[in-house]
Amino acid sequence: MIALFFGLIVVVTATDLITKYNIPGILNSGIAWGWGAQLPWLWIVVVVFSFLLVVALIWWFLRNPKRTWLSTVGLGVFIGGILGNAI
């Protein structure tokens, strides 16, 4: 289960980054839909929060003895998406 979990995180993060960088002509200077484009420090807050959330979720997953296949896949995909957006 742990290998599946970390494997999904890597695959989803890589897929997210590959698809974002292969779409030409799109530039978002803010966070979502351009929000915060006038606040250059806001992306730092979002990225730091994202990485703290990822660390907390991985810690929770590793400490949780009642892992199921569905929770492993769901959390792996969720964390991969968080990392893809933060990077």
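Me: How many aromatic pairs does the count come to by the ring-pair rule?

Reply: Rings of Phe, Tyr and Trp (its six-membered ring) pair if their centres lie within 6.5 Å; planes under 30 degrees apart count as stacked, over 60 as edge-to-face and the rest as tilted. By this rule the count comes to 2 aromatic pairs. The model is a predicted one, in which local features need pLDDT of at least 70 and side-chain atom pairs count only at pLDDT 80 or more, while totals for chains, interfaces and linings use all residues. Residues are numbered from 1 along each chain as its sequence is written, and side-chain values use heavy atoms, with hydrogens and water left out.

Me: Which residues do the ring pairs link into a cluster?

Reply: The cluster consists of F5, F6 and F61. F5 and F6 are edge-to-face, at 5.0 Å centre to centre and 75° between the planes. F5 and F61 are stacked, at 3.8 Å centre to centre with 15° between the planes. The latter pair links distant parts of the chain, since F5 lies in helix α1 and F61 in helix α2 (residues 42-63), 56 residues apart. Helices here are DSSP runs (H or I, at least four residues), numbered from the N terminus.

Me: Is F6 buried, exposed or partly exposed?

Reply: Buried means under 20% relative accessible area, exposed over 50%, and partly exposed in between (1.4 Å probe, protein chains only). F6 counts as partly exposed because its relative accessibility is 33%. F5 is buried, with a relative accessible area of 0%, and F61 is buried at 1%.

Me: At what angle do the axes of α1 and α3 cross?

Reply: Two packed helices are described by the angle between their axes and the distance between the axes. Axes are lines fitted to C-alpha atoms, for helices over the stretch in contact, and angles run from 0 to 180 degrees between N-to-C directions. Helix α1 (residues 2-21) and helix α3 (residues 69-86) have axes that come within 7 Å and cross at roughly 35°. The contact (heavy atoms within 4.5 Å) involves residues including F5, L8 and V12 of α1 and W69, V73 and G76 of α3.

Me: Where does S71 lie, and what does its side chain reach?

Reply: S71 lies in helix α3. The side chain of S71 reaches the backbone nitrogen of T68 at 3.0 Å. S71 is partly exposed, with a relative accessible area of 29%. The C-alpha atoms of S71 and F5 are separated by 9.4 Å, although the two residues are 66 residues apart along the chain.

How values were computed
Helices (H or I, at least four residues) and strands (E, at least two) are DSSP runs, numbered from the N terminus. A polar contact is a pair of N or O atoms within 3.5 Å; within protein, one must be able to donate a hydrogen and the other to accept it, and residues adjacent in sequence count only if both atoms are side-chain atoms.
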